[in-house]
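Work through the exercises below with the sequence and the model open. Each task is followed by a solution in steps.

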Amino acid sequence: MPVREQARRVAEEAKGFLAVAEGMRLYELSLEGSAWAPCLEIGSYCGKSTVYLGEGCRETGRHPLFTVDHHRGSEEQQPGQAYFDPALYSAELGGTNTLPWLLRNLRRAGLEDWVIPIISESTRLGRFWSPGGLGLLFIDGGHSEEDVLGDYRTWAHQVIRGGYLCVHDVFPDPRDGGQAPYHLVLHARSTGAWEYLGAEESLVVLRRR
Ligand SMILES: C[S@@+](CC[C@H](N)C(=O)[O-])C[C@H]1O[C@@H](n2cnc3c(N)ncnc32)[C@H](O)[C@@H]1O
């Protein structure tokens, strides 16, 4: 099923770190996952991946997408670091603030009824979240070993049988990027709990057995 033109345009114009093919894969998976249970994204940033995932939820019309981010940017997005974007700097807050960009993109894409933004550190949110099951979990928050493993340990057990675990920025070759998401995928596969469904560029998809 094609993505609505309005949502596709917003997703492609949004600041972010996701290829169109990766976004389309998330869209297809959220069409299925959101039919069973809510979806959760860790790492909203300005909403690029959020729009693809939220559009799948809207299209299916059953369960929403929760998207969590503290909206202060990851380490590499701070002033002076490689991925710092001055347009996202808030003088009032004295640092990066991506929340207004997320909200603007959700509104422009017509997804405010289907995406529920949560402003929080992801593992902190998990400590107060009642088990209810997730149809899809997308991990794209902090990229340190500690963050990535923390997100997996906090959230992966919530994914229902048949539900999807998607991990972004998975680079088997260290020359292509940081290794923490790759290590997470190796760990998840070693548990035997997940079926490997393949990769779309740096997006790896697993399904709970
Ligand atoms: C790589 S960006 C996400 C990119 C986004 N998914 C996209 O499609 O453009 C990572 C995001 O994770 C957020 N983040 C980093 N560590 C976090 C944590 N511990 N809890 C919540 N959000 C976190 C950052 O603020 C940043 O917005």
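Buried means under 20% relative accessible area, exposed means over 50%, and partly exposed lies in between, with a 1.4 Å probe and protein chains only. The model is predicted, so local features need pLDDT of at least 70 and side-chain atom pairs pLDDT 80 or more, while totals for chains, interfaces and linings use all residues. Residues are numbered from 1 along each chain as its sequence is written, and side-chain values use heavy atoms, with hydrogens and water left out.

**Exercise 1. Classify G61 and R104 by accessibility and place each one in the fold.**

Step 1. Helices (H or I, at least four residues) and strands (E, at least two) are DSSP runs, numbered from the N terminus. G61 falls in the loop between helix 3 (48–60) and strand 2, whereas R104 belongs to helix 4 (residues 99–109).

Step 2. The relative accessible area of G61 is 38%, so G61 is partly exposed. R104 has 44% and therefore also counts as partly exposed.

Step 3. For R104 and H63, the separation is 41 residues in sequence and 22 Å in space.

**Exercise 2. Is H71 buried or exposed, and which side chain does it contact?**

Step 1. Locate H71: it is in the loop between strand 2 (65–69) and strand 3 (89–90).

Step 2. H71 is buried, because its relative accessible area is 2%.

Step 3. A polar contact is a pair of N or O atoms within 3.5 Å; within protein, one must be able to donate a hydrogen and the other to accept it, and residues adjacent in sequence count only if both atoms are side-chain atoms. The side chain of H71 makes such a contact with the side chain of T98, at 2.7 Å.

**Exercise 3. How many residues surround the ligand, and which are the closest?**

Step 1. Count a residue as near if one of its heavy atoms lies within 4 Å of the molecule. The ligand is surrounded by 19 residues, and G43, S49, D69, E121 and D140 are the closest.

Step 2. Look at individual atom pairs. An N or O atom in the side chain of D140 is 2.8 Å from a nitrogen atom of the ligand. A backbone N or O atom of G142 is 3.2 Å from a ligand nitrogen, and one of F17 is 3.0 Å from a ligand oxygen.
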